[in-house]
Amino acid sequence: ALEDETFYGVFLSRNFGHQIAISAGMVYARGTEAVMLMDGDLQDPPELVIDFYEKLKQGYDVVYAVRRARKEAAWKKTGYWLYYRMQRMLTTSDIPLDSGDFSMMSRRVVDHINDMPEQSRFVRGLRSWVGYKQIGIEYKRDSRSAGETKYSLKRLFKLAYDGIFNFGNIPLKLITRLGLYTILLSLIYITVLVVKKILYDNVPEGYTTIIIALALFSGVQLICLGVIGEYVARIFDQSKGRPLFVVNRRIINGEEKIG
């Protein structure tokens, strides 16, 4: 960016996370027709920009890449495959399967996403929620050309939670169903015990039944509280009203500027 004015550099004050970094890039991107999102590890082939732009000229507002194959560890590929399908079941937004942030979006789509003040960002979900005409292009994702991934297992789980809890209330509905099923099973079990007591008088004595029941209901309650807590935490973060990121310095037209 210092040597070529074509490039525009934005440096944040700290690592705010991958999705926030992408959001910052979208805020400062100067493209009047479209904006391309792409990681810098070359796992996503830059030459696809030509195919993406062709689709954009055909009238599509969002052109996203769909991973047909990926060169990663087997456990990681299996985890991604399961996650995308679980996400499809647990969210109300139609987020395409096996698609990441690698995409090209029209200027109006980018402006819409920039206007969304959500703290827990999941860009591919926001991109799908906006709507307009969208299409996917399949590609083969290569391994990293250099460096190490910054996405730890903890960060991957956080991204997964954001994708599920930010785009639907189905987990809350599942809690209600889980509670109803648990009550139903409890009533059935109580009925069986009463019948056995009246007809056969052979209901086992001791604490085994009580311990099993307590363990079951305690586990169900903890799961329910955890799901509710995920939503409450997002409400808490959103209520603070903090900016998504803080810019340390920028490089514009070959010159470095603070803030």
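Trainee: Which residue lies over the face of Phe16?
Mentor: Keep in mind that this is a predicted model. A charge counts as over a ring when NZ of Lys or CZ of Arg is within 6 Å of the ring centre and within 35 degrees of the ring normal. At 4.0 Å from the ring centre of Phe16, the residue is Arg14.

Trainee: And at what distance from the ring centre of Tyr60 does Lys133 lie?
Mentor: Here a Lys takes the place over the ring: Lys133 lies over the face of Tyr60. The distance to the ring centre is 4.7 Å.

Trainee: Nice! How many aromatic pairs does a search of the whole structure find?
Mentor: Two rings pair if their centres lie within 6.5 Å. With that cut-off, the search of the whole structure gives three.

Trainee: Are the planes of Tyr8 and Tyr28 stacked or edge-to-face?
Mentor: Their ring centres are 6.3 Å apart. Planes over 60 degrees apart count as edge-to-face. The planes of Tyr8 and Tyr28 stand at 75 degrees, so this pair is edge-to-face.

Trainee: How many residues apart are Tyr8 and Tyr28?
Mentor: Tyr8 is in the segment before β1, while Tyr28 is in helix α1. The pair thus links distant parts of the chain, and the separation is 20 residues.

Trainee: Are Phe52 and Phe102 buried or exposed?
Mentor: Their ring centres are 5.2 Å apart with planes at 35 degrees, so the pair is tilted. Phe52 belongs to helix α2 and Phe102 to strand β4, 50 residues apart. Both are buried.

Technical notes
Residues numbered from 1 in each chain as written. Predicted model: local features only at pLDDT ≥ 70, side-chain atom pairs only at ≥ 80, totals over all residues. Heavy atoms only, no water. Phe/Tyr/Trp six-rings, centres within 6.5 Å; stacked < 30°, edge-to-face > 60°. Helix = DSSP H or I, 4+ residues; strand = E, 2+ residues; numbered from the N terminus. Buried < 20%, exposed > 50% of the residue type's maximum accessible area, 1.4 Å probe, protein only.
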